Amino acid sequence: MSMDRRRFLEVAGLSALVVAGKRGFDALTDGGRAEGATERRPAARWAMVIDLRKCVNDRGCTDCIAACDRAHNVPHFDERAHEVKWIWREPFEKAFADHGSPYTEDAFKSKSLPVLCNHCDNPPCVRVCPVKATWKRDDGIVMMDYHRCIGCRYCMAACPYGARSFNWLDPRPRVKELNPDFPTRTKGVVEMCNFCEERLAKGRAPACVEACGEQALVFGNLHDPGSEVRRLLRTRHAIRRKPELGTGPNVYYLV
Amino acid sequence: MVALEKALVGNRRYWTWIGALLVVIALGVLSYLRQLQFGLGITGLSRDVTWGLYIAQFTFLVGVAASAVVVVLPYYLHNYRAFGKITILGEFLAISAVTMCLLFIFVDMGQPGRVLNVLLYPTPDSIMFWDMVVLSGYLLLNAVIGGITLGAERKDVPPPRWILPVIILSIPWAVSIHTVTAFLYSGLPGRHLWLTALLAPRFLASAFASGPALLILLTMVVRRLARFDPGQEAIQKLSLIVTYTMIINVFFVLMEVFTVFYSQIPEPMSHFQFLFVGLDGHAPLVPWMWASMALAVISLVLLITPRYRANERLLAVACVMVFASLWIDKGMGLIVGGFVPSPLGHVTPYVPTLPEVSITLAIWAVGVLMLTVLYKMALAVREELA
Amino acid sequence: MSDRGLIVGGLVLFLALVTLPLWFNVAAGTTSKLPELTLPEGKDPFGTAEYMRASHMDLLMTWRDEVVRNQERTVVGLDGKTYAKSLTGTCLACHVNRATFCDRCHDYAAVKPTCWECHLEPRPVQRAAQ
């Protein structure tokens with residue numbers, strides 16, 4: 001035999017290193033960008049504006065939440081630890097802990113409001129994901145690929161809004177009414193609001209927006225100066241959650 | 001593997017020890033199978049506290065692994081002969097510790113079947129990707145170095161010349177594994193306990209205290225069990241290293257405390273409040289954190305006083321204290337403390353569950369088993385030559 | 001060599017154990033019986049039966065990545081018509097019975113695809129409409 005075992009192991013090891021090195025090099029140069037992000041024109045920059053004057057969430061309305069849960073097969077766990085949430089209600093002082101003086105907050109003391117993924121311009125969750133299971137589309141939507149997620153939960157540590165949920169257990173038995181038009185998730189992956197990208201693809205508004213009887217939720221394209229979201233942001237005072245972190249959140253709250 | 005057969009002969013006590021470790025491992029494997037089937041909901045983790053006991057052990061053990069450099073550097077760079085006998089012990093400790101690190105990451109994954117995605121879709125933006133690179137590289141480096149040097153020792157010849165640059169490379173590499181591990185945490189915008197440039201230096205200081213402390217204890221154990229004497233000088237020099245690094249570590253912690261509390265910025269303060277006095281009526285880590293502090297202070301008294309440090313019995317006590325103090329502080333304290341309160345200000349207590357503890361113990365047992373076998377090999381080769 | 005009997009005996013025992021599943025299947029007569037699948041009328045617009053049998057998983061994975069990651073949601077079939085790249089929406093519109101098509105063959109081949117851990121079979125009403 002011309003190749004003894006030791007020699008074979010050396011060659012095999014070296015080859016593996018070369019292949020790994022090539023992959024790493026590709027990723028460092030441009031291979032990493034080729035996938036996921038496509039060369040599409042950034043036609044839109046989706047954003048949501050939530051009018052807190054109109055929103056009656058603090059009076060117990062959960063229409064937006066219920067619509068989202070139905071549309072996306074969001075499971076309901078009784079124990080807080082295993083909760084999965086895409087859009088949910090949060091007291092004003094939790095969502096905007098660092099906002100205003102003690103006196104301006106008087107007006108909002110009992111106020112609760114809907115919170116969801118902010119689909120940040122500069123999302124920390126995307127930055128930390130080791131497998132590109134979460135990434136930002138050209139139109140600004142932060143996507144999740146449930147097929148690829150390894151369940152390391154680094155994105156959950158990185159998100160400063162607590163917008164991400166992990167499937168600690170099999171979610172399917174905990175979905176109230178299964179909607180066959182949208183998949184459930186499997187245990188061991190992270191999930192969060194997708195700005196209803198599956199509905200946008202069909203030209204429909206997000207489920208929460210459509211469900212809001214008060215029309216407190218407005219969805220639109222920030223790149224279009226004539227859009228309703230731009231009109232609202234032009235005429236009303238809007239605040240965002242933790243803009244000082246440099247994440248560039250795209251959910252605006254009109255106060 | 002060099003001299004693996006040496007690990008297959010041993011007295012009754014050796015086999016009882018191996019058997020006991022295997023039992024702990026078997027129990028952990030059973031718990032892990034349950035976790036695989038049931039999901040990570042079997043642990044005490046939650047939507048707010050997403051990392052816990054597993055990642056705490058991982059973080060702490062990266063430090064133990066990195067500490068091999070503390071014996072390798074003086075011996076190879078400064079030709080410090082007293083460490084000649086224990087460098088191999090340091091390198092083998094590194095191998096076992098890195099293996100435990102990798103196992104702890106693995107059991108923490110929600111989709112372990114997809115672990116190769118990290119290689120299929122390499123993502124240089126992610127610090128976790130780099131952590132994987134440096135950790136597996138470090139494991140490889142130490143396995144090669146340990147294997148080659150022990151093999152040469154066995155044949156009573158000097159190791160091949162090419163191994164020296166590899167050993168030199170392992171020195172900055174050891175620093176890198178703990179720096180990158182600190183970067184995992186210190187670059188996240190919403191986590192105020194971790195968002196500090198001091199995290200990596202703190203990690204290194206605590207690593208170079210806890211690792212050598214463990215190495216001192218291990219050499220003491222080995223000296224009793226085998227015909228092996230690392231030498232008084234080696235142990236005393238190591239204890240000096242532990243003393244200085246522990247002082248630096250406590251100094252860093254105090255600097256952190258000053259900045260956080262003098263600035264009075266609420267969010268960073270809230271994490272320390274949760275850890276040391278409790279927040280919103282939840283104080284699960286308070287006794288642990290004060291224990292860690294107390295152990296640090298007492299160990300420093302023992303270490304700094306030359307008379308106590310020279311007394312090997314007291315030195316052993318001090319080393320146990322250093323190890324335990326840092327295991328709490330850099331493990332559960334750092335990881336769980338970083339998650340509570342959550343970015344929304346919610347306080348969610350976290351207590352590990354029984355299966356979680358069982359899996360954790362099993363991984364420690366794997367590490368100890370590896371260490372036992374590796375040390376057995378190294379010492380058997382030495383005895384053969386003697 | 002005095003160990004000869006032991007070695008040969010051990011090898012025979014090893015071979016017997018390794019090939020046990022084969023003998024088991026021969027005895028049960030399951031190998032010769034191919035699964036009976038419920039097949040739809042007409043031609044598959046995405047490839048021949050041979051191609052599909054061998055590569056449907058690759059096709060589905062490609063579709064999956066294109067839809068999820070690149071927003072390329074439609075595909076033109078061999079018949080020139082445009083289809084949505086969708087397992088539940090397009091494939092199952094004709095292969096109406098998952099149990100007697102997908103599952104039966106997967107069971108036979110002893111593979112466990114994870115598709116159905118998340119994806120749901122379409123409602124019967126929807127099917128009728130399509």
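A: In this predicted model, the side chains of B:Asp108 and A:Arg153 form a salt bridge, with N and O 2.7 Å apart. Side chains of opposite charge can pair when their charged atoms come close. Between chain B and chain A the count is two salt bridges. Polar contacts across this interface amount to 29 residue pairs, with both residues at pLDDT 80 or more. On the side of chain B that touches chain A, at least two residues each come from α1 (12–38), α5 (117–120), α6 (127–154) and α7 (163–186) of chain B. By type, the residues on that side of chain B are 24 nonpolar, 15 polar and seven charged.

The contact as a whole involves 50 residues of chain A and 46 residues of chain B. The size of an interface is often given as the accessible area lost when the parts come together. For chain B and chain A, the area buried between them is about 4000 Å², and 56% of it is on carbon and sulfur atoms. Within chain B, the residues that lose the most area to chain A are B:Arg47, B:Pro189 and B:Leu344, which together make up 21% of what that side buries.

Salt bridges also occur elsewhere: over all chains, the structure holds 27. One of them joins the side chains of A:Arg45 and A:Asp121, at 2.7 Å from N to O. This pair links distant parts of chain A, 76 residues apart: A:Arg45 is in the loop between α2 (31–34) and β1, and A:Asp121 is in the loop between β3 (112–116) and α5 (124–128). A:Arg45 has a relative accessible area of 8%, so it counts as buried. A:Asp121 has a relative accessibility of 39% and therefore counts as partly exposed.

β1(A) is joined by five bridges to strand β8 (residues 217–221) of chain A, and the two run antiparallel. In that pairing, A:Ile50 stands opposite A:Leu217. β1(A) also pairs with strand β10 (residues 251–254) of chain A, in the parallel sense and over four bridges. Here A:Asp51 stands opposite A:Leu254.

Another salt bridge connects A:Arg137 with A:Glu197, whose closest N and O atoms are 2.8 Å apart. A:Arg137 is in the loop between β4 (134–136) and β5 (142–144) of chain A, while A:Glu197 is in helix α7 (residues 197–200) of chain A, so the pair ties together parts that are 60 residues apart in sequence. A:Arg137 and A:Glu197 are both buried. A network of salt bridges links A:Arg137, A:Asp139, A:Glu197 and C:Arg73.

Chain B has a salt bridge between the side chains of B:Arg202 and B:Asp329, at 3.6 Å from N to O. B:Arg202 belongs to helix α8 (residues 199–225) of chain B and B:Asp329 to helix α13 (residues 312–339) of chain B, so this pair ties together parts that are 127 residues apart in sequence. B:Arg202 and B:Asp329 are buried.

How values were computed
Residues numbered from 1 in each chain as written. Chains lettered and ligands numbered in written order. Predicted model: local features only at pLDDT ≥ 70, side-chain atom pairs only at ≥ 80, totals over all residues. Heavy atoms only, no water. Pairing = 2+ DSSP bridges. Contact = heavy atoms within 4.5 Å. Buried area = accessible area lost by both parts, 1.4 Å probe. Salt bridge = Lys/Arg side-chain N within 4 Å of Asp/Glu carboxyl O. Polar contact = N/O pair within 3.5 Å; in protein donor to acceptor, adjacent residues only side chain to side chain. Nonpolar A, V, L, I, M, F, W, Y, C, P; charged D, E, K, R; others polar. Buried < 20%, exposed > 50% of the residue type's maximum accessible area, 1.4 Å probe, protein only.
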